[in-house]
Amino acid sequence: MKLILSSIATITFVMSLLVNAALAADPAAVATETATNTVCPVTGKPVDPTITAEYEGRKWSFAKEACKTKWLKAREDSLYQKLGGKGAIDAAVEAFYVKVLADDRVKHFFDDVSMDKQRRKQKEFLSAAFGGPLPWTGKDMRKAHDGMGLTEVHFNAIAENLVNTLKDLKISQDLIDQVVAVALTTKDDVLGRAKKAN
């Protein structure tokens with residue numbers, strides 16, 4: 001029962017992230033490494049330049065103190081932060097692709113892929129999916145995997161490599177379960193299956 005509740009909570013969290021990511025997809029709502037954002041990532045309104053927070057080397061601005069508090073709380077509560085933030089995601093993706101490229105079930109899918117670009121895209125996607133501050137701006141999962149001929153075997157191989165990577169990195173089983181729950185929300189799109197009716 002605890003696992004079911006945890007999975008439901010994680011899926012609910014992911015859905016709220018997707019809604020927030022749609023708002024934050026406005027480039028003006030995203031702080032860069034050299035400039036703060038001009039649109040509040042919480043409300044979409046112009047920021048008050050005196051209300052700011054530093055997070056992972058970027059200065060973020062907000063419309064109100066309540067927005068800053070809400071945004072910082074979302075960072076604190078995110079799976080992204082619980083996993084260790086940017087550094088941990090980067091390390092996990094690097095280790096993950098070592099496993100994937102050695103796995104006969106799936107390594108052929110990467111024969112003609114720039115692995116530097118693939119690693120960068122995977123880091124960006126996982127960071128956004130796990131509640132990091134930067135929105136995903138790449139292709140949606142359905143378009144990104146269209147025409148690849150992926151099957152349940154391939155999806156499970158990738159999931160297995162991800163779980164084994166997290167275990168190698170000594171991530172707790174509770175957090176691994178949350179990662180798996182997030183990954184499962186992409187399965188129908190990755191495999192090109194019809195969307196389920198709500």
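How many of the 198 residues of the protein count as buried? The share is 40%, in what is a predicted model.

**View 1. The whole protein, end to end.** Nine helices and two strands make up the protein, and along the sequence they run α-β-β-α-α-α-α-α-α-α-α. Take the contacts between residues at least 6 apart in sequence: 59% of them join residues at least 24 apart. The protein exposes about 11400 Å², with carbon and sulfur atoms supplying 58% of that area.

**View 2. Helix H4 and its buried face.** H4 covers residues 85–100, and its 16 residues reach 22 Å from first C-alpha to last. Its buried residues are Gly85, Ile89, Asp90, Ala92, Val93, Phe96, Tyr97 and Val100. Looking down the axis of H4, these fall within an arc of 165 degrees, so they line one face of the helix. What do they pack against? Helices H3 (79–83), H5 (115–129) and H7 (152–168).

**View 3. Rings around Trp71.** The whole structure holds six aromatic pairs. In one of them, the rings of Tyr55 and Trp71 sit with centres 5.7 Å apart and planes at 85 degrees, so this pair is edge-to-face. Tyr55 belongs to strand S1 and Trp71 to helix H2, so the pair ties together parts 16 residues apart in sequence. Trp71 is buried, at 5% relative accessible area. Trp71 also forms a tilted pair with Trp60, 4.8 Å centre to centre and 40 degrees between the planes. Trp60, from strand S2, is buried too, at 1%.

**View 4. The ring cluster and a charge.** Ring pairs join Tyr55, Trp60, Phe62 and Trp71 into a cluster. Over the ring of Trp71 sits the charged end of Arg75, 4.7 Å from the ring centre.

Notes. Residues are numbered from 1 along each chain as its sequence is written. This is a predicted model: local features need pLDDT of at least 70, side-chain atom pairs count only at pLDDT 80 or more; totals for chains, interfaces and linings use all residues. Side-chain values use heavy atoms; hydrogens and water are left out. Helices (H or I, at least four residues) and strands (E, at least two) are DSSP runs, numbered from the N terminus. Buried means under 20% relative accessible area, exposed over 50%, partly exposed in between (1.4 Å probe, protein chains only). Contact means heavy atoms within 4.5 Å. Accessible areas come from the Shrake-Rupley method with a 1.4 Å probe; for residues, only the protein chains shown count as cover. The expected span of a helix is 1.5 Å times one less than its number of residues. The arc is that of the directions from the helix axis to the C-beta atoms. Rings of Phe, Tyr and Trp (its six-membered ring) pair if their centres lie within 6.5 Å; planes under 30 degrees apart count as stacked, over 60 as edge-to-face and the rest as tilted. A charge sits over a ring if NZ of Lys or CZ of Arg is within 6 Å of the ring centre and within 35 degrees of the ring normal.
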